Amino acid sequence: MGLLRRVGNLFRYKKLNAELEEELQYHLAMREQLNVKEGMPEMEARKNARRRFGNATQLKETMREIDLFTLPETGWQDTRFAARMLMKHPGFSVTAILVLGLGIGVNTALFTVYRAFLMRGIDADHRSEMVNVDRTNYAGKFDPMFSFLDYEEFRDRVRSFSGLIAATGDEVALTGVDEGPSLGRPMGGVLARVAGFNLPRLIGGGAEFVTTLIVSDNYFSTLGVGALRGRVFEADDAHDASAPAEVLISGNYWQRKFREDPAVVGKNVKLNGIVFTIVGITPKDFMGTNINVPDFWMPLREQVLLHPGSTLLKDREDACCRIYGRLARGVSVGEARAEMDLLAEQLSAQHMTYSDASKPMSIQISPGSPFGRELDINLKFAIVLIMCAVGMVLLIACANLAGLQLARSAARRKEIGVRASLGASRGRLFRQLLTECALLGLIAGGVSLLMTWGILHVTVVEISATLPAEWGAFALHVAPDMQIFAYVFVISLVAGVLYGLTPALESSKADLVSALKEESSHFASLIGRHSMRGVFITIQVAVCLVLMIAGGLLIRSSMRVLEMETG
Amino acid sequence: MMKQKNDTLQGTLGLLVLKTLSRGPMHGWGITLQIQEISGDVLRVEEGSLYPALHRMEQEGWISAEWGLSENNRRARYYRLTAAGRKQLAAEERNWKQLTEAVARVLAIAGGRA
């Protein structure tokens, strides 16, 4: 009930103040009267009455805190005051918010992309069971490609996997769709239109290039993914040679090209001039073992239709495919590797003597990833550099904020001193500054979320819209990753708050009188603050220098990554 | 000199206030006077501690307050003991008695040996 009354008191704050004043006034008046009666001069009597109360402001403050439900009331008051303080120094506030917002925003955006794009495993059911199968050849070079015949042997003879799949990419010309649906597709993003660098994607006669992932029959059943509509390829399909060849269309291409027309299943499309029947639609954004969403999926056995005379299915030396497997229950990576190694040794005897595959090699099994290990190694350096650079941006942001707060703490010493001498308790001052920092941080957080969204939108959505469609659709969920955001946000908030609280901490050391005097008397502490600032400037220059060097290295190495043949 | 006499009062202020109020509703000024008078000028209540204590006890629900007219026709805030306050008073009185008796016993023994 005490609590209820206190909350109720919140709504009659003014009245309460007046009542408190009246109650104390009564006491003062009575004391004064008594003093006079006892023979004190009137002035003396009044002074004496007041002196007995001690610090009146402080007393009232204490009593108000008792009367009111302290936290929400002062919290709200603090927030309002903090907002006023921030508005009063727009230069500081805007700078701090932008610095912090940028730091948080860039970090969240990059780590989001990193997680969504590079840390993504294979797009499958129970993806932790999926592994990449690669090999290291006799020269110690990493080689992810196997021939189809080798793959078949592995698939049929190795027991360590509940499923072993193969995939290879291709680009084919889509020259016709029976009953042409409207071919118009919304092209490019804003950036592409503004910059005007749409790449030509139409080839003669209204045909267009589409990406196709050519996969083993058991691909979808092993990944554990079904069709959105129609059906997927089945491992045990009885293949009727006279039936038209079949393809799957990706949900993304279906949406883009056919405007989600459900009647597309069963229709024929002409790829490289050959008629294929669309038997199903894969779920939107499903990428399988690919790094992006292809337009079509096709069984490996049909590859020869696209390229007449292709020996892919018959030539043991035609290293065409990457292999991925799902580890059987209870089988370790080591066991699978041992079994694969044994079989690979037997298979090497069947290879031509000029082939690398005929020489001793070892199988590598690594956690499933659409990026091969080779690309990983090349990318790793660039990624580490990017992450370091971005981390340093955050560091600089925090250092800048700390510098700003320190500079302001000097200016605020007097204000704090005045408030303390007027009876504000240390806890109250502390809370006030904390509220100010938190408010600043919250606003910066909001700004940084917008910034993150903007950065992600520009880098991922717009750039992928600008890329030629032949590269396939980048299916990235580019909403800011909230987990990462929370992490970065807390780091910068802690940094900001720590330095925002310095004035309060200092005021607890300094005596009020000297705080009330001008700074000049505080020569020693001034030097202290200056050296603190000096440290921050030094750190910042150092970090900027490292950032510049790292940035230079990054550009060089990413250029080399781009030049690299990714097979 | 007389002023310093009541430093130990702080802890027992609540008990004294409750006891004073058990004789009837009173305002802060009246409580100050009564405690001083009854104690024969030995105990003096400091204003700086009395009012926070009163308000705190009000929050606890031991006393309730209402505005009334004082003897000299001024508005004053009168405090009245509630049922919960009566219980609290009884408990504190008991505690106080136990404490003083214990202290007295210790003093008696110590005095006997000395």
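**Figure 1. The contact between chain B and chain A in the predicted model.** In this predicted model, 16 residues of chain B are in contact with 17 residues of chain A. On the side of chain B that touches chain A, helices α2 and α3 (47-60) and strand β3 each supply at least two residues, and α3(B) gives the most, with eight residues. Sorted by class, this side of chain B consists of four nonpolar, six polar and six charged residues.

**Figure 2. Chain B and its two packed helices, α1 and α2.** Chain B holds four helices and three strands, which follow one another along the sequence in the pattern α-β-α-α-β-β-α. Of the 114 residues in chain B, 28% are buried, and among the contacts of chain B with a separation of 6 or more, 51% are between residues 24 or more positions apart. Two packed helices are described by the angle between their axes and the distance between the axes. For α1 (residues 13-21) and α2 (residues 28-38) of chain B, the angle is about 100° and the axes are 10 Å apart, which makes α1(B) roughly perpendicular to α2(B). From α1(B), the residues B:Leu16, B:Val17 and B:Thr20 meet B:Ile31, B:Gln34 and B:Ile35 of α2(B); by class, the residues of this contact are four nonpolar, two polar and no charged.

**Figure 3. The open sheet of chain B.** Three strands make up this sheet in the order β1-β3-β2, with antiparallel pairing. Strands β1 (26-27) and β2 (63-69) of chain B are the edge strands, each pairing on one side only. Between β2(B) and β3 (residues 75-81) of chain B, the antiparallel pairing extends over seven bridges, and B:Leu69 stands opposite B:Arg75 in β3(B).

**Figure 4. Strand β9 of chain A and its pairing with β4 and β10.** Strand β4 (residues 161-177) of chain A pairs with β9(A) in the antiparallel sense over three bridges, and A:Val177 has A:Val269 in β9(A) as its bridge partner. With β10(A), strand β9(A) also pairs in the antiparallel sense, here over four bridges; A:Leu271 has A:Ile274 in β10(A) as its bridge partner. β9(A) and β10(A) form a hairpin with two residues between them, and A:Asn272 in the turn has a positive phi of about 50°. In a regular strand the side chains alternate between the two faces of the sheet. In β9 (residues 268-271) of chain A, the covered face carries A:Val269 and A:Leu271, whereas the uncovered face carries A:Asn268 and A:Lys270.

Figure 5. Most residues other than glycine have a negative phi. With 9 other C-beta atoms within 10 Å, A:His126 is exposed. A:Asp285 is partly exposed, with 16 other C-beta atoms within 10 Å.

**Figure 6. A:Asp67 in helix α4 of chain A.** Helix α4, which spans residues 56-67 of chain A, contains A:Asp67. This residue counts as buried because 22 other C-beta atoms lie within 10 Å, where the cut-off for burial is 20 or more. A:Asp67 and A:Asn17 are 50 residues apart in sequence, and from C-alpha to C-alpha they are 9.8 Å apart in space.

**Figure 7. Prediction confidence along chain A.** The mean pLDDT of chain A is 76, and 74% of its residues reach 70 or more. Among the elements of chain A, the lowest mean pLDDT, 42, belongs to strand β5 (residues 202-203), and the highest, 90, to strand β11 (residues 296-299). Over residues 180-204 of chain A the pLDDT is below 50, and this stretch has 33 contacts in the model beyond near neighbours in sequence. The pLDDT is also below 50 over residues 519-524 of chain A, a stretch with three contacts in the model beyond near neighbours in sequence. Where pLDDT is low, the predicted coordinates should not be read in detail.

Conventions:
Residues numbered from 1 in each chain as written. Chains lettered and ligands numbered in written order. Predicted model: local features only at pLDDT ≥ 70, side-chain atom pairs only at ≥ 80, totals over all residues. pLDDT = per-residue confidence, 0-100. Contact = placed C-beta atoms within 7 Å. Pairing = 2+ DSSP bridges. Axes fitted to C-alpha atoms, helices over the stretch in contact; angles between N-to-C directions. Parallel < 35°, antiparallel > 145°, perpendicular 65-115°, else oblique. Nonpolar A, V, L, I, M, F, W, Y, C, P; charged D, E, K, R; others polar. Buried ≥ 20, exposed ≤ 12 C-beta atoms within 10 Å, placed from the backbone.
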